[in-house]
Amino acid sequence: KMVKLPQHMLHVTIILATVLQTKHTAVGGPTGQYFLSTPPNTTVTAGHHARLACSVGNLAGTCQWTRDGMPLGRGRNLAGFSRYLLGGDREHVCDLTIEPVLPLDEGEYRCQVSGGDGVPAIASPPAALSVNSEPGQPYIVQAREEDMMEVQEGEEVELECQSQGGRPPAEIQWWDGEGRRIVSDVTEHVKRMEDRKTFKTVSTLKFTPDQPMRIKCSAHNDQFPDTKQSDGMEVVFKETMRMVTKTLKEEESFEVKCEDNDSEKLRYKWLINKKEILSESKNILKIEHFVKAHDKSIIKCFVEDDEGQRKVMKIVQLQLGYLDDTKGQHALARSQEETKITESRTKKGTHTGINKKTVFTCVAEGETSVEPNYVWISGKLEKTVEALDDGDKKFKCKVVEGGYDKIKKMGNNMQGISKTLRKFRKQLNKMVNSYDD
């Protein structure tokens with residue numbers, strides 16, 4: 001039931017309500033500062049632009065933003081935050097602009113206005129800024145140094161693929177060379193990165209190949225569905241191909257041919273000691289001035305077809321060669337009586353049975369602590385430890401250490417001794433003749 005108030009009481013009620021309503025207002029509006037707009041929760045993509053809205057009515061103080069409770073500073077250009085810009089074109093606008101947004105910008109933001117002269121400070125409700133990040137380029141850990149793995153048939157292979165910097169975390173998938181997804185025996189782990197804002201995804205694949213194959217991994221997340229693919233990893237069986245040894249002298253230049261038939265449809269790849277020679281892609285590898293440091297080095301050549309399948313075509317081991325054996329002894333035979341030996345062999349059938357003694361000198365140019373024995377057999381110098389006789393046309397020779405220089409020095413010394421002996425003999429004969437007289 002409605003009760004009708006007296007006219008004077010109605011006027012008093014209206015005046016009292018107006019006074020209560022305009023406690024913080026002036027004629028036509030509020031008297032204290034207040035928010036016209038506050039920032040909402042926002043999600044942006046890393047690398048893009050973000051604008052957190054904040055505008056203030058009856059602005060009396062100074063605008064300031066905080067991130068996770070930490071003040072970002074005052075003024076339009078915030079010191080220490082070069083990508084942050086405060087304010088807008090109008091005086092009451094306190095928007096915070098971030099460009100470009102990075103994962104580290106993620107956090108809880110508040111817009112604050114300081115007070116003064118009886119006007120209280122004000123602060124907006126917290127607003128969450130979330131940053132989505134595209135997963136980093138995935139890579140197979142085992143392929144970082146060499147993109148091929150040799151295994152025995154029946155051997156289990158374990159590969160690890162990583163993608164870093166994604167938010168949400170990346171999902172990693174494995175693929176074979178035919179584009180088929182590999183789903184068996186795959187485990188995946190997600191860890192926070194050091195910045196605590198993004199994630200690292202690690203996926204492990206275990207399998208036993210039944211044939212040579214090419215493996216790749218890919219990464220994507222819900223916000224970035226387009227996949228990124230890693231470089232391929234070749235898994236091949238250890239070659240049963242016979243290794244060829246190429247013996248070289250120092251400073252010698254040489255060529256190695258990958259295959260006999262040069263094809264323009266194939267790509268050639270050369271490795272030396274498992275390191276790719278990036279500048280070489282032809283069928284023939286040319287190396288100039290072989291050096292001792294490359295002794296025992298192994299060169300491999302692969303061919304790769306349009307489908308990315310590889311095949312080892314040649315394996316060559318380089319070896320520093322010596323004129324005799326691997327110990328560096330270089331034994332050569334020299335004899336000043338060589339002509340006489342030939343004549344002796346020719347005349348042996350008609351000889352009267354008198355054998356001439358023939359002396360051979362073998363020159364060892366390399367140093368040796370053990371004196372080896374050599375013999376001549378049919379005009380060829382060979383080592384022996386057996387007793388020898390002239391009947392088999394085998395002749396002993398003695399090794400002289402020091403090589404030709406030593407022989408030459410010995411010869412010069414012998415010539416000097418011979419001259420001295422001749423002079424002494426002449427003087428002795430004169431003395432004897434004088435005594436007889």
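User: How many salt bridges does the structure hold?
Analyst: The structure holds 12 salt bridges. A salt bridge here is a side-chain nitrogen of Lys or Arg within 4 Å of a carboxyl oxygen of Asp or Glu.

User: What should I know about the model and the numbering?
Analyst: This is a predicted model: local features need pLDDT of at least 70, side-chain atom pairs count only at pLDDT 80 or more, and totals for chains, interfaces and linings use all residues. Residues are numbered from 1 along each chain as its sequence is written, and side-chain values use heavy atoms, leaving out hydrogens and water.

User: Back to the bridges. Which residue does R67 meet in a salt bridge?
Analyst: D105, with N to O at 3.9 Å. R67 lies in strand β7 (residues 63-67) and D105 in the loop between β10 (96-98) and β11 (107-113), so the pair ties together parts 38 residues apart in sequence. Strands are DSSP runs of E, at least two residues long, numbered from the N terminus.

User: Is D105 buried or exposed?
Analyst: Buried, at 0% relative accessibility. R67 also counts as buried, at 15%. Buried means under 20% relative accessible area, exposed over 50%, and partly exposed in between (1.4 Å probe, protein chains only).

User: What about E150, which residue does it pair with?
Analyst: E150 meets K300 in a salt bridge, 2.8 Å from N to O. E150 sits in strand β15 (residues 148-151) and K300 in strand β29 (residues 298-304), so this pair links distant parts of the chain, 150 residues apart. E150 is partly exposed at 26%, while K300 is buried at 19%.

User: And R214?
Analyst: R214 forms a salt bridge with E234, their closest N and O atoms being 2.6 Å apart. R214 is in strand β21 (residues 213-220) and E234 in strand β23 (residues 233-237), 20 residues apart. E234 counts as buried, at 1% relative accessibility.

User: Which residues do shared partners join into one network?
Analyst: R67, R83 and D105 are joined by salt bridges that share partners.

User: New topic. How many aromatic pairs are there?
Analyst: The structure holds 1 aromatic pair. F81 and Y84 form it, stacked, 5.2 Å centre to centre with 25 degrees between the planes. Rings of Phe, Tyr and Trp (its six-membered ring) pair if their centres lie within 6.5 Å; planes under 30 degrees apart count as stacked, over 60 as edge-to-face and the rest as tilted.

User: Are those two buried or exposed?
Analyst: F81 counts as buried at 19% relative accessibility. Y84 is buried too, with a relative accessible area of 3%.

Key: Helices (H or I, at least four residues) and strands (E, at least two) are DSSP runs, numbered from the N terminus.
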